[in-house]
Amino acid sequence: MTDLAERRGMNTSVYQPAEDSGLLAQAALGRVSGRVLEVGTGSGWVAAQLAEKTDAEVVASDLNPHACKQAAERSASLRADGDRGFEVVRGNLVEPFRDDSFDAVAFNPPYLPEDLEAARDDWMEVALTGGEDGREIIDPFLDTVGRVLKPGGEVFLLVSSLTGYDEVLARAESNGFGHEVVVQESYPYETLTVLALK
């Protein structure tokens with residue numbers, strides 16, 4: 001069986017910017033300042049948008065070592081062009097970070113419901129799939145992200161209709177977050193929403 005990277009026409013081990021990346025950046029631009037974390041940065045494209053177009057100090061993290069390398073190269077390229085770059089940290093979700101350390105956190109999580117017949121044996125599978133219901137990564141993120149937010153901080157979370165929008169909202173609310181829809185786009189196969197959680 002072909003893996004997800006092949007089905008998406010990619011020959012890569014790092015998630016590259018797509019419609020969901022653009023929506024996340026669009027939602028966060030103009031709303032973030034201070035110290036901002038992008039979880040699951042992939043190629044570092046969203047982190048670069050935030051570093052270039054806001055006054056925020058940006059930190060990007062990913063579990064995938066190949067993604068961290070590519071994001072670090074993107075940051076170095078920004079610096080070489082005279083722009084502010086961003087820091088890159090390898091880690092799982094918000095584990096590497098201290099309590100109350102960010103004014104905002106942005107996350108485009110792996111959200112596709114997993115094809116249970118496909119092996120989750122490469123980095124692109126990890127970047128795209130969110131377990132059987134699509135929320136295997138989202139739920140622990142929502143359970144822990146509040147720890148790293150400063151008081152009054154905000155989370156920008158991309159949610160797909162394939163993942164169970166109401167279930168994601170319920171999990172956010174159970175962790176004390178209120179929500180606002182920042183941007184929403186419908187595609188033939190799904191609706192993507194970026195929520196601001198406070």
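Mentor: Gladly! Bear in mind that this is a predicted model. Let us begin with two helices: the axes of α6 and α7 come within 9 Å and cross at roughly 25°.

Trainee: Why are α6 and α7 called roughly parallel?

Mentor: Angles under 35 degrees count as roughly parallel. The axes of α6 and α7 cross at roughly 25°, and therefore α6 is roughly parallel to α7. Their crossing is right-handed.

Trainee: Which residues make the contact between α6 and α7?

Mentor: From α6 come Ile138, Asp139, Leu142 and Asp143, and from α7 come Val168, Arg171 and Ala172. Sorted by class, this contact has four nonpolar, no polar and three charged residues.

Trainee: Which residues of α6 are buried, and what do they pack against?

Mentor: Helix α6 covers residues 138-148, and its buried residues are Ile138, Asp139, Phe141, Leu142, Val145 and Val148. These buried residues pack against β1, β4, β5, α7 and β7. There is a general point about helices that helps when you look at such a list: an α-helix has 3.6 residues a turn, so residues three or four places apart point the same way.

Trainee: What makes α2 and α3 roughly parallel?

Mentor: Helix α2 (residues 19-28) and helix α3 (residues 45-53) have axes that come within 9 Å and cross at roughly 25°. The cut-off for roughly parallel is under 35 degrees, and α2 and α3 are therefore roughly parallel to each other. The crossing of α2 and α3 is right-handed.

Trainee: Which residues of α2 and α3 meet, and how do they divide by class?

Mentor: Ser21, Gly22, Leu24, Ala25 and Ala28 of α2 meet Trp45, Val46, Gln49 and Leu50 of α3. They divide into six nonpolar, three polar and no charged residues.

Trainee: Where is Leu29, and is Leu29 buried or partly exposed?

Mentor: You will find Leu29 in the loop between α2 and β1. Buried means under 20% relative accessible area, exposed means over 50%, and partly exposed is in between. Leu29 has a relative accessible area of 25%, so it is partly exposed. Setting aside neighbours within four places in sequence, Leu29 is in contact with Gln49, Leu50, Lys53 and Thr54. Leu29 and Val46 are 17 residues apart in sequence, and their C-alpha atoms are 9.9 Å apart in space.

Trainee: How do you know that Thr163 counts as buried?

Mentor: Thr163 sits in the loop between β5 and α7. Its relative accessible area is 1%, so Thr163 is buried. Apart from neighbours within four places in sequence, Thr163 is in contact with Tyr111, Asp133, Gly134, Arg135, Ile138 and Val168.

Trainee: And what makes Pro110 count as buried?

Mentor: Pro110 is in the loop between β4 and α5. With 11% relative accessibility, Pro110 falls under the 20% cut-off and therefore counts as buried. Pro110 and Leu158 are 48 residues apart in sequence, yet 9.7 Å apart in space, C-alpha to C-alpha.

Trainee: Which residues touch the most other members of the largest nonpolar core?

Mentor: That core has 53 residues, and Phe86, Val105, Phe141, Phe156 and Leu157 touch the most other members. Strand β5 (residues 149-160) gives the most to this core, with six residues. Not counting residues up to four places away in sequence, Phe86 touches residues including Gly44, Ala47, Val58, Arg74 and Leu78.

Trainee: How many helices and strands does the chain have, and what share of residues counts as buried?

Mentor: The chain has seven helices and seven strands. Of its 198 residues, 49% count as buried.

Notes:
Residues are numbered from 1 along each chain as its sequence is written. This is a predicted model: local features need pLDDT of at least 70, side-chain atom pairs count only at pLDDT 80 or more; totals for chains, interfaces and linings use all residues. Side-chain values use heavy atoms; hydrogens and water are left out. A nonpolar core is a set of buried Ala, Val, Leu, Ile, Met, Phe, Trp, Tyr and Cys residues joined through side-chain atoms within 4.5 Å. Buried means under 20% relative accessible area, exposed over 50%, partly exposed in between (1.4 Å probe, protein chains only). Helices (H or I, at least four residues) and strands (E, at least two) are DSSP runs, numbered from the N terminus. Contact means heavy atoms within 4.5 Å. Axes are lines fitted to C-alpha atoms, for helices over the stretch in contact, and angles run from 0 to 180 degrees between N-to-C directions. Angles under 35 degrees count as roughly parallel, over 145 as roughly antiparallel, 65 to 115 as roughly perpendicular and the rest as oblique. A crossing is left-handed if the near helix is turned anticlockwise from the far one by less than a right angle, and right-handed if clockwise. Ala, Val, Leu, Ile, Met, Phe, Trp, Tyr, Cys and Pro count as nonpolar, Asp, Glu, Lys and Arg as charged, and the others, Gly among them, as polar.
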